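Here is a short report for a reader who is new to this structure. Please look over the sequence and the model before reading on.

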Amino acid sequence: MESPKPVLLVVDDDSHVRTLLAALGKRQGFDVLTCDNGLEGIEMLRRRHIDLMFLDLHMPDVNGLDVLKATQETSDSTHVALITGMASIDTAVQAVKLGAEDYLPKPLDLPRVTETMQAIRWQFETRTTIHKSDAALAEQLEFHGIIGRSPVMTELFDLIRRLAPHARSVLIRGETGSGKELVARAFHRLGPRRDKRFVTVNCSAIVETLFESELFGHVRGAFTGASDNKPGFFEAASGGTLFLDEVGELPATVQGKLLRVLETGELQRVGSVEGRRVDVRVVAATNRDLEKEVEGGGFRSDLYYRLNVVEIVVPPLRDRVEDIPYLTAAFLREYSAAFSKAIPGLTPNAETVLAQGAWPGNVRQLRNVIERACLLCEGHLLTERDLVGALGSGGASGSRATDDAAPPAVPPSKEQVSAALHGAGGNKVLASRRLGVSRRALYRLIEKHRLEA
Ligand SMILES: Nc1ncnc2c1ncn2[C@@H]1O[C@H](COP(=O)(O)OP(=O)(O)OP(=O)(O)O)[C@@H](O)[C@H]1O
Ligand SMILES: [Mg+2]
């Protein structure tokens, strides 16, 4: 991939000025665009990220000030140099108010023009360098796939390092998208069972009636459809780690059986009375408040105490904003490569938007936003505009109904679920967005309302 250049836009009705500035710009290492009227200039500013614009004040129809007015919001971090023959104080003041940084009288002072260009190119290069070093640092800081350099994360890495060789069961808590699964994997990789299997069971994705046989296996003829002997997840993970994701979703009947297996180290396949020894390390994760569930009777207290012998809390992203630049740099690098786009950094305004987000969907949401912004990005730096587009109307406050949104207060009715599924042609991702629930929640709703049977 050719290394990206900053973009220069020249808007002037005078063809001599256009030719001159374009030639200078190319020599100074810019990608150059030109427009011979204000209207086209406005269009261009809306479509592309421009690093530097030379804008003529006096043009027929739409003049320089009109261009500035029309693009005040869209031209995030464009450096504007206004060119004018007759400089009046009034227009100068107005132009500055509208965001023009430079004011160049005609005839153009070429050394000064060159200086401006060099300054902007230098800024651009600094942005790319910052990004490169952030991305490199992110790589260095990575702890078994987990990026973080904030004190809370460094502490977390330390804790994992110390516990992984010994702990037999661990409970990982944290909000959705905060990285619980990554922590579970790091735990496995640093433990004595690293060469054995790591088996994930997503407790929210299993139909209640099948839970027992999925976990513990079954023998032939145990129930209709059980045509063979089959080991469950527990046996599959034997010697290794069993990751019980969303453990708060375990049905009450299974909770008791799970506890027994954990305590005796022995299980029975469904339909069999023969006990089988299993030796697994159980790592469980939840984004629910399990203590509350215990109080309310939704989760067995004895199982809870058994699981949380060791508890690890993954902090929400808003409590470790220092990590955002490094996460961003890593995701940006990943997605710009995946989409074959040269996007070596982001604008200062874009950085601010990211730093100030509430991120209810945590790192997963940040990752999704960077992915979408990379798709939208047409220039060489990710801009505020790209991010706002990627965040959608709800912004990072999370009122958006996507995979990372919080569930609505009132669960959708059977009719609503069915209508959403129908309207989305059976596509569950789309349907869950329409309903404003997560995909997992949608599966639960489908099961609850027996919609697919
Ligand atoms: N510190 C991090 N560094 C790099 N990537 C991260 C980090 N934390 C999370 N991610 C990424 O964010 C996404 C969500 O992470 P993960 O699946 O571990 O979250 P979770 O807490 O298990 O979420 P959920 O509660 O929704 O299951 C994944 O794509 C993961 O790779
Ligand atoms: Mg998870």
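A residue counts as buried under 20% relative accessible area and as exposed over 50%, with partly exposed in between. Asp-61 has a relative accessibility of 79%, so it is exposed. The model is a predicted one.

## Two residues with positive phi

Asp-61 sits in the loop between strand S3 and helix H3 (64-71). Its phi is near 65 degrees, a positive value in a residue other than glycine. His-144 also has a positive phi, of about 45 degrees, and is not a glycine. The loop between H5 and H6 holds His-144. With a relative accessible area of 27%, His-144 is partly exposed.

## A cis peptide bond

The peptide bond that runs from Lys-106 to Pro-107 is cis. Its omega is near -5 degrees. Pro-107 lies in the loop between strand S5 (102-105) and helix H5 (110-141).

Lys-106 turns up again among the contacts of Asp-56. Asp-56 belongs to strand S3 (residues 52-56). Its relative accessibility is 2%, so Asp-56 is buried. Neighbours within four places in sequence aside, Asp-56 is in contact with Val-11, Asp-12, Asp-13, Gly-64, Ile-83 and Lys-106.

## The ligand site

Which residues are closest to ligand 1? They are Ile-147, Thr-176, Gly-177, Lys-180 and Arg-364, out of 19 residues that surround the ligand. By class, this shell has six nonpolar, six polar and seven charged residues.

| Residue | Backbone atom to an oxygen atom of ligand 1 |
|---|---|
| Ser-178 | 3.3 Å |
| Gly-179 | 3.0 Å |
| Leu-182 | 3.3 Å |

Taken alone, ligand 1 exposes 640 Å², and the protein buries 88% of that.

## Helix H7 and its surroundings

Helix H7 has buried residues of its own. Lys-180, Val-183, Ala-184, Ala-186, Phe-187 and His-188 are buried there. Lys-180 is also one of the residues closest to ligand 1. The buried residues of H7 pack against helix H6 (151-163), S6, strand S7 (198-202), strand S8 (241-245), S11 and S12.

## Strand S6

Is strand S6 buried or exposed? Five of the five residues of S6 (residues 169-173) are buried, so the strand is largely enclosed by the rest of the structure. Ser-169, Leu-171 and Arg-173 point one way from S6, while Val-170 and Ile-172 point the other way. Both sets are buried.

S6 has two pairing partners to note here. With strand S11 (residues 281-286), S6 pairs in the parallel sense over five bridges. In that pairing, Val-170 stands opposite Val-283 of S11. With strand S12 (residues 310-313), S6 pairs in the parallel sense over four bridges. There, the bridge partner of Ile-172 is Ile-312.

## Contacts across the sequence

Val-280 and Arg-168 are 112 residues apart in sequence. In space, their C-alpha atoms are 8.3 Å apart. Residues up to four places away in sequence aside, Val-280 touches Arg-168, Arg-193, Phe-234, Ala-237, Ser-238, Gly-239 and Gly-240.

Next comes Leu-267, in strand S9 (residues 266-268). Leu-267 has a relative accessible area of 2%, and is therefore buried. Leu-267 and Phe-216 are 51 residues apart in sequence and 6.6 Å apart in space, from C-alpha to C-alpha. Residues up to four places away in sequence aside, Leu-267 touches Phe-216, Phe-234, Glu-235, Val-261, Glu-274, Gly-275, Arg-276 and Val-278. Phe-234 is touched by Leu-267, and Phe-234 is touched by Val-280 as well.

Key: Residues numbered from 1 in each chain as written. Chains lettered and ligands numbered in written order. Predicted model: local features only at pLDDT ≥ 70, side-chain atom pairs only at ≥ 80, totals over all residues. Heavy atoms only, no water. Near = heavy atom within 4 Å. Polar contact = N/O pair within 3.5 Å; in protein donor to acceptor, adjacent residues only side chain to side chain. Areas by Shrake-Rupley, 256 points an atom, 1.4 Å probe, with all protein chains shown as cover. Nonpolar A, V, L, I, M, F, W, Y, C, P; charged D, E, K, R; others polar. Buried < 20%, exposed > 50% of the residue type's maximum accessible area, 1.4 Å probe, protein only. Contact = heavy atoms within 4.5 Å. Pairing = 2+ DSSP bridges.
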